[in-house]
Amino acid sequence: VNLPSDGEGGDEEEDGGGGDEEKEGDTTDDKDGIDVVDAAAAAADDDIDKPMSSTAVLSHATSGISRPLKSRIVQVISSLARHPDENDPTSDGGGGGVGATSHEIGGHGPDGTLTAHDLDEEAGTARNHLAQLFEICGLLLYYRSAFHKTVARLVRGSGGMASASDQDDASLIKCIQECVEEASTAYGASLRVYAATLPNLASLSNESEAVLVQGTVGRICEVRMASPGFFGAGDSVPAEDEITTLSLEFLIDTTVDAVMSNCDRLDDAVALRNAVVTAKKAGLDVAVASKWDKAISAQERTLADSLIEGETRRVLEDVGLAPVGDALEAMEALYVEGMVIASHPGLGPDDVKVAMKDFYDSLYSPPLPSFDMIRDPVLRKYARSKTADNVIELYAKIYDALTSERGGYDDLSFLGHDPSQVSTLLSI
C-alpha cells in the first residue's frame, strides 16, 4: 500500500478546501439571482396591484387605431393638396380613388384631348379641393375638441390618479392634433398656389379672376358656417400657425390681394366686394373687411373714371361740342401773340354757330348715359354727375374763349346760354 506523502496530502486538502469554497461561492451567486428575481416579481406584483388611470386606459385602448387612422387621413390630405396634373393613375391614389380627376384619364375630346368643358372644370376642381381641405380641417378641429372634453371629464373623475397633462398624452388626441397641423399646412399651401395660378385658371375658363375668387370664398365660407369645428374648438389651445392659416383674414388677404392688380372691370370690382361681404357674414374681422372695402372702392372709382372719360367723349360728339373742343385745343397748342380764335380752322363763326345750335337743341333731352352697367347706385350716380360736369366744363371753356378779347367774333348772338344756365339744364 503506497501512502501519500505529506506534500501530496497537503495538496489534496488544499484542493478539497478550494472545492468547498467554490461550492460556497456558487451558493452565494444563486442567492443573489433569487433576490433579483424576487425583486422583479415584487415590482411586477406592485404594477399589477396599482390600477391604470382612466386616461391611460383610454390611451391604451385607442393606440391601436391611431397610426392607421393618421396614415389614411394624411393620404387623403396629400391627394387633395396635389395638383390634378400631378396625380398618377398608377399610384395608390389613382384609378378613381381620392383625388382622382378627369385629367388622370384625359379629356372628353377625340383621343382623350381636353375640350372647352374640361378646361372650365379646371377652376372648379381646384375650388372643390380647397373647400374639401378646409372641411377636413373643421372636422378634425371638432373631433379634437370632443376628445379633449372626454379626457377632461375622465381627469375630473379619476380621483387624483390622472393629471391634466394626460390630455395631451392620449394617443388619439396626439394623432388628431398631428392631422390638424398636416391639414392646415396643406390648406394654406394649396390656397397660396391657387392664388398664384388664378391668371391661368381664368384663361382656361370663361370667368374672370375676380369671379373665381368670389366663388372660392363663397364655397369656403359655406363650409365654415356648416362646420361646428370652427366655432366649438375652444377647449384646446390651437397653434399660432393654425389660427392664421384657417382664418378668414388669411383667405381674403391671399385671394383678393392676388386679383386687385388685374381688376380692370367694374364687374370684377363688384365680384371682389361680394366676396368680402360674404366673408364678413361668415365672421371676418370688421377691421379687415373695412380695409378691403376701401381698397375696392378706390379701384371702383378709378375704373369708373376711365369709363366716364369714354362716355364723356361720346356725349360731346353727340351734342356737337367735340369738334369745337378739339379745334380749340389744337389752337392753344399753336397760339402766338396776336392770333384770333375765329381765324383758326374749325373755329370760324359759321362752324361755331352750327355747333352751338346743335348743343342747345340737345339740352331739351341730354344724351347722358345711364351707366346701368354699374351696379352700385352710389357709384352710378357719381358717374352720371361726373359726365354732366365734364360737358359743362368744356362748354364753359369754349364760352370763355369765344367771348375773350382774342376771340375775334363780331357777332356772339349764337351763344344763347351762359355756363351757369347750361349747368342748370344738365343738372341731374
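Reply: Happy to! Helices (H or I, at least four residues) and strands (E, at least two) are DSSP runs, numbered from the N terminus. Counted that way, the protein chain has 15 helices and zero strands. This is a predicted model, where local features need pLDDT of at least 70 and side-chain atom pairs count only at pLDDT 80 or more, while totals for chains, interfaces and linings use all residues. Residues are numbered from 1 along each chain as its sequence is written, and side-chain values use heavy atoms, with hydrogens and water left out.

Me: How much of the protein chain is buried?

Reply: Of its 428 residues, 39% count as buried. Buried means under 20% relative accessible area, exposed over 50%, and partly exposed in between (1.4 Å probe, protein chains only).

Me: And which residues touch the most other members of the largest nonpolar core?

Reply: They are Leu-140, Tyr-187, Val-217, Ile-252, Leu-272 and Leu-284, in a core of 62 residues. A nonpolar core here is a set of buried Ala, Val, Leu, Ile, Met, Phe, Trp, Tyr and Cys residues joined through side-chain atoms within 4.5 Å. Apart from it lies another core, of 32 residues, including Ala-322 and Phe-414.

Me: Back to Leu-272: what is it in contact with, leaving aside neighbours within four places in sequence?

Reply: Contact means heavy atoms within 4.5 Å. With those neighbours set aside, Leu-272 is in contact with Ala-210, Val-213, Val-256, Val-259, Met-260, Cys-263 and Ile-296.

Me: What span should helix H9 have?

Reply: The expected span of a helix is 1.5 Å times one less than its number of residues. H9 (residues 248-260) has 13 residues, so it should span 18 Å, and its end C-alpha atoms are 18 Å apart, which agrees.

Me: Nice. Changing topic, how many salt bridges are there?

Reply: The count comes to 11 salt bridges, each being a side-chain nitrogen of Lys or Arg within 4 Å of a carboxyl oxygen of Asp or Glu. Side chains of opposite charge can pair when their charged atoms come close.

Me: Which residues form a salt bridge with Arg-313?

Reply: Glu-317 does, with the closest N and O atoms 3.2 Å apart. Both residues lie in helix H11 (residues 286-319), four residues apart, about one turn of the helix. Asp-326 also forms a salt bridge with Arg-313, the closest N and O atoms being 2.8 Å apart. That pair links distant parts of the chain: Asp-326 is in helix H12 (residues 321-334), Arg-313 is in helix H11, and they are 13 residues apart.

Me: Is Arg-313 buried, partly exposed or exposed?

Reply: Arg-313 counts as partly exposed because its relative accessible area is 35%. Asp-326 is partly exposed too, with a relative accessible area of 35%, and Glu-317 is partly exposed at 48%.

Me: One last spot, Asp-267. Where does it lie?

Reply: Asp-267 lies in helix H10 (residues 266-281) and is partly exposed, at 34% relative accessibility. Leaving aside neighbours within four places in sequence, Asp-267 is in contact with Met-373 and Arg-375. Asp-267 and Ile-374 are 107 residues apart in sequence and 7.8 Å apart in space, C-alpha to C-alpha.
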